[in-house]
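Colleague: Could you take me through the surroundings of the ligand in this model? I would like a close look at that one part, and at whatever packs around it.

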Amino acid sequence: MSNMKIVSGMRPTGKLHLGHYLGVLQNWVQLQEDNESLFFVADWHALSTSYEDKLNLKRLTLDLVKDWLAAGIDPAKSTLFVQSAVKEHAELYLLLNMITPMGWLERNPTYKDQMANLKGKDINTGGFLTYPVLQAADIIMYDATAVPIGEDQKPHLELAREIVRRYHHLFGCETFVEPKDILTQTPRLPGLDGRKMSKSYDNAIYLSDDSDTVWQKLRKAKTDPGRVKKDDPGNPEICLVFDYHKCVSSEADVAEIESSCKAGTIGCVACKKKCLQGVDAMLDPMRRRRERFSDEEIEAIIEAGNAGAKSRAAEKMERVRSNIFEIKED
Ligand code: TRP
Ligand code: SF4
């Protein structure tokens with residue numbers, strides 16, 4: 001697929017890990033090749049769940065964009081911007097809130113899920129309930145045709161489409177585009193303890209980890225517990241390191257590891273060393289690119305992106321204001 005208009009965002013909540021790369025960023029990097037792409041830092045969205053946390057949003061924003069640039073997001077191909085720098089998002093969010101029924105928001109499965117699960121955080125706020133309305137504004141502002149998202153965000157895209165239809169119906173116009181989702185096929189890459197890879201479980205390999213740090217993490221990863229001696233036959237299917245190989249090693253290497261593990265001809269330490277090579281092969285280009293960007297350069301990239309996004313958003317809001325506020329002949 002090409003010639004789509006891509007919009008996607010991430011909340012700035014901390015450094016990105018290998019799961020983010022394989023699940024999201026790798027996809028963005030490909031999409032930017034033959035589609036008009038806008039990627040933004042959803043800093044207002046970060047406040048919806050973390051308004052009590054005194055987030056260092058400026059630092060988090062620069063670090064997030066640095067991870068993107070390291071991963072291969074190219075500012076010459078994509079527009080990179082920060083949500084809070086384009087105030088038109090707030091205006092559109094306000095207007096969309098006026099027409100969004102409470103029932104749609106309360107029924108949203110992601111909302112119900114998070115209300116039940118985010119224990120220890122008071123997210124009983126207007127901002128959290130209307131999170132998907134802001135997300136709809138982010139997307140439809142730029143006539144996005146396709147939005148790369150994870151499975152959990154599907155209800156938000158559905159809501160965005162419903163809001164577009166309701167807006168068109170109420171104001172008798174065709175101002176927006178109904179966005180489709182591009183579901184990211186996440187290769188299953190669990191954290192180093194077998195749970196979901198996540199900062200909060202302290203089980204992740206970060207894009208900014210150096211080779212030695214990655215090795216210290218891999219070294220401790222659990223393998224097939226049935227293997228006591230290094231020539232015991234193993235079962236790669238129940239080994240975490242094998243999951244990693246499937247994500248970072250070539251098909252030929254994966255096949256070879258599978259058979260030599262089963263035959264007991266490769267030891268787990270050697271197998272982990274090979275896995276490190278795969279991870280390094282993936283991270284080395286990112287490490288090199290990361291070196292090239294100073295904070296000042298990242299700020300300049302964001303400034304330019306903000307200006308580009310802002311001019312498009314301003315144009316869209318002209319139309320929206322005229323839809324709603326111009327004198328109508330009766
Ligand atoms: N809600 C998204 C997430 O948590 C982030 C986001 C905000 C987003 N606005 C967006 C994603 C617009 C895609 C399009 O992952
Ligand atoms: Fe896992 Fe590799 Fe050891 Fe087999 S040899 S159990 S795949 S670490």
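Modeller: Happy to. A word on naming before we start: helices are DSSP runs of type H or I with at least four residues, strands are E runs of at least two, and both are numbered from the N terminus. Please keep in mind that this is a predicted model.

With that naming, α8 is the element that gives the most to the shell around ligand 1, contributing four residues. The elements that supply two or more residues to this shell are β1 (5-10), α8 (131-140) and β4 (146-149). The shell holds 13 residues, and the closest are R11, Y131, Q135, D138 and Q153.

Now for the polar contacts. The side chain of Y131 has an N or O atom 2.7 Å from a nitrogen atom of ligand 1. A polar side-chain atom of Q153 is 2.8 Å from a ligand nitrogen atom. For R11, an N or O atom in the side chain lies 3.1 Å from an oxygen atom of ligand 1. As for cover, ligand 1 has 360 Å² of accessible area on its own, and the protein covers 91% of that.

Next, the helices that pack against α8. Helix α9 (residues 154-171) packs against α8 at an angle of about 70°, and their axes are 9 Å apart. Because angles of 65 to 115 degrees count as roughly perpendicular, α8 is roughly perpendicular to α9. On the α8 side, the contact involves Y131, P132, V133, Q135, A136, I139 and I140, which meet H156, L157, L159, A160, I163 and V164 of α9. Of the residues in this contact, 11 are nonpolar, two are polar and none is charged.

Helix α2 (residues 43-50) also packs with α8, here at an angle of about 175° and with the axes 10 Å apart. The two helices, α2 and α8, are therefore roughly antiparallel. From α2 come W44, H45 and S48, and from α8 come Y131, L134, Q135 and D138. The residues of this contact divide into three nonpolar, three polar and one charged.

Technical notes
Residues numbered from 1 in each chain as written. Chains lettered and ligands numbered in written order. Predicted model: local features only at pLDDT ≥ 70, side-chain atom pairs only at ≥ 80, totals over all residues. Heavy atoms only, no water. Near = heavy atom within 4 Å. Polar contact = N/O pair within 3.5 Å; in protein donor to acceptor, adjacent residues only side chain to side chain. Areas by Shrake-Rupley, 256 points an atom, 1.4 Å probe, with all protein chains shown as cover. Axes fitted to C-alpha atoms, helices over the stretch in contact; angles between N-to-C directions. Parallel < 35°, antiparallel > 145°, perpendicular 65-115°, else oblique. Contact = heavy atoms within 4.5 Å. Nonpolar A, V, L, I, M, F, W, Y, C, P; charged D, E, K, R; others polar.
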